[in-house]
Amino acid sequence: MKTNQGIDPQTWIPSHQFGFRKGHSTIHQCHRLTDIILKAFEDRKYCRAVFLGVSQAFDKVWHPGLLLKIQQTLPQQYFTLLQSYLQHRYVEVSYNNATTPPVLMRSVVPQGSILGPFLYTLYTADIPLTTKTILSMYADDTAIMTTHSNPTIASTNLQAHLRKIEQWTRKWRLKINETKSAHITFTLRKGTCPPLYINQSTIPQTDTVKYLGLHFDKRLTWREHVTKTRKHLDLKTRELIWLIGKHSPLSLTNKLLIYKKVLKPIWTYGLAQWG
């Protein structure tokens, strides 16, 4: 890991990580994935993708490993400050009138703080990359994609990257949740692709996957996303009908405010992709 003595926090976050970066959002990351898939469709290729679920991501950040990365990445004065922030933290549980003895916390980044997400991002900044795959992250939501005209080669490239991630997670004491992970093949061609594995477990294959609030189906028709969005919108509308319905005493201005703040974001989220 190279030492970075810059003072701009944005320079400490890798380009594949769209979380907590200025000018980046979930929609930007989804647009990036959509562009890769559509390009594969145009070139008549197979686009294989794995979406990994990390078990208790923020709770599994190993303090000695995090401090090492902080020391190697950030200026010395930042390391000293963050070292005092992370070390000598204890947790205890109280129930009724009983309290457990304090237990020293050797992992977890403090959640509910501004520093928590940034420290997790810094901890995972050196996740392995390969020249034949594309890594996309938003906080702990991770997607790995590759495209090729041969489905076997596409699977081989993706499996090679997964093996690197296996070794990396073991080294830094993170754990991939195989049951919450999924892989999907985006293509307009017929044929099947070989299975993929991580930690000697088969990654479940699916025709639709949800990533950052959007439902991607294997032919990118967006039918699943439109259906679920409509159901969500109908449910939320029924919950608010007593406020925005014709019998509500609220003024039209307040009804419009509720619509714009509660209902409109549901159907406009990701509209540039699926609309």
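Close-up 1. Helices (H or I, at least four residues) and strands (E, at least two) are DSSP runs, numbered from the N terminus, and contact means heavy atoms within 4.5 Å. This is a predicted model, in which local features need pLDDT of at least 70 and side-chain atom pairs count only at pLDDT 80 or more, while totals for chains, interfaces and linings use all residues. Residues are numbered from 1 along each chain as its sequence is written, and side-chain values use heavy atoms, with hydrogens and water left out.

**Close-up 2. The open sheet that contains β1.** The sheet has 4 strands in the order β6-β7-β1-β8, with antiparallel pairing, and two strands pair if DSSP finds at least two bridges between them. Its edge strands, β6 (134-138) and β8 (176-186), each pair on one side only. Between β1 and β7 (residues 141-148) there are 7 bridges, and leucine 52 has threonine 142 in β7 as its bridge partner.

**Close-up 3. The hairpin of β11 and β12.** Strands β11 (residues 208-211) and β12 run antiparallel and are joined by 4 bridges, with lysine 210 standing opposite histidine 215. The hairpin has 2 residues between its strands, and leucine 212 in the turn has a positive phi of about 55°.

**Close-up 4. Aromatic pairs between separate parts of the chain.** The whole structure holds 4 aromatic pairs, counted when the ring centres of Phe, Tyr or Trp (its six-membered ring) lie within 6.5 Å, with planes under 30 degrees apart called stacked, over 60 edge-to-face and the rest tilted. Phenylalanine 51 and tyrosine 211 form a tilted pair, 5.2 Å centre to centre with 55° between the planes, and this pair links strand β1 to strand β11, 160 residues apart. Phenylalanine 58 and tyrosine 120 form a stacked pair, with 4.7 Å between the centres and 15° between the planes. Because phenylalanine 58 lies in the loop between β1 and α2 and tyrosine 120 in helix α4, the pair ties together parts that are 62 residues apart in sequence.
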